Amino acid sequence: MKKYILIALLAIVLIVLANVVLNSRPKKMENLYDHGTLSCIPTKGTVAKPERAINPWPWVYDQGAFDLLSDLRVEWIRHEFLWARIEPKRRGLNWDESDYVVRNARERGIQILGLLDYSAPWANKHKKEYYPPTNAQDYATFVTEVVRRYKPNGVFAKQEGWTDGYGITHWEIWNEQNGPWFWLPLPNVADYAEMLHQANSAIRKIDESAVILHGGLDPAGKDIDPGLSLSGFLENMYVQGAKDCFDVVNLHTYFFSDTSPTELNKTYLNPVKETMAKYGDSRKPIWITEFGYVTGPKGWTSEERQAEF
């Protein structure tokens, strides 16, 4: 009898613990920002067509990194202008690292996709960079400072005495906002759309020809909710009215299994193109700003197959 009583008590404890865990997770994210009608302006410029492009973060600061990029004949890099590093304290701007990157890129004829990402520690109550800022206008102010400095004929170009028109013309707003890591505690498409709207407004006041990419969409989003898949999150952005807030559809297309690269269209691109067509946006370019085969546990890609692909 005692045995069955203990089993019953254990079962009750496990049920209580399970409920505590489940109830501690947010069921639905509350919006951070006030959401009105999104009024965005498309670019008046031309979207580039990068061919030799690479993500060199974080070794872009290593000695000899830019010489290696030049040897590889890289034409474009995607570089993170991290808010936490540029403005660790409110109004305390430090341009040393980003000046170094832009200066070295220009010397080698390399263009930059500027990724404006994550929070400064003072900008949200969590004091962590992967939580969005409490006030989207704070992010827009940061965007204004960076774009004003590094646009063609901007503050930095004038400071350096450049007369060749070099500067950053393409900007990406946040990174993988639909996934499980970079928009905590859970993705929120309405809040991201408002952030994108604020960033679009800030950039257009400075550079009407700048090209804006929404943050690269993470394929792992579908593991949280089907509405957070590449096509699902994109559709929800359209529903929010964000169509004119970005000039390029931006995807991250990782494979976590031993899948042929020929499956790229079926797995990722076709559903996205169908969504774009549904909302009359088929003419917009698609960029893949991250791609790769993930090695790891059994069932994922082996290092040998990764090299082969």
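Biologist: Which residue in E7 is the bridge partner of Asn-250?
Modeller: In E7, Trp-287 is the bridge partner of Asn-250. This is a predicted model: local features need pLDDT of at least 70, side-chain atom pairs count only at pLDDT 80 or more, and totals for chains, interfaces and linings use all residues. Residues are numbered from 1 along each chain as its sequence is written, and side-chain values use heavy atoms, leaving out hydrogens and water.

Biologist: What makes E6 and E7 paired strands?
Modeller: Strands are DSSP runs of E, at least two residues long, and helices are runs of H or I, at least four long; both are numbered from the N terminus. Two strands pair if DSSP finds at least two bridges between them. E6 (residues 249-255) and E7 (residues 286-293) have seven bridges and run parallel. Therefore they pair.

Biologist: Why is the crossover from E6 to E7 called right-handed?
Modeller: The chain leaves E6, passes through helix H9 (residues 264-278) and reaches E7. With the strands pointing away from the viewer, a path over the helix that runs clockwise from the first strand to the second is right-handed. This β-α-β crossover is right-handed, so its path runs clockwise in that view.

Biologist: How do you know that E6 is mostly covered?
Modeller: Six of its seven residues are buried. Buried means under 20% relative accessible area, exposed means over 50%, and partly exposed lies in between (1.4 Å probe, protein chains only).

Biologist: What makes E1 and E5 edge strands?
Modeller: An open sheet of five strands has the order E1-E2-E3-E4-E5, with parallel pairing. E1 (53-54) and E5 (211-214) each have a single partner strand, so one side of each has no neighbour in the sheet. The partner E4 (residues 170-173) has four bridges to E5. One links His-170 to Val-211.

Biologist: What makes the 70 residues a nonpolar core?
Modeller: A nonpolar core is a set of buried Ala, Val, Leu, Ile, Met, Phe, Trp, Tyr and Cys residues joined through side-chain atoms within 4.5 Å. The largest one has 70 residues; Phe-81, Leu-116, Tyr-139, Trp-171 and Ile-173 touch the most other members. Helix H7 (residues 189-206) gives the largest share, nine residues.

Biologist: Which residues of H5 meet H7?
Modeller: Among them are Tyr-139, Val-143 and Val-147 in H5, while the H7 side includes Met-195 and Ile-203. Contact means heavy atoms within 4.5 Å.
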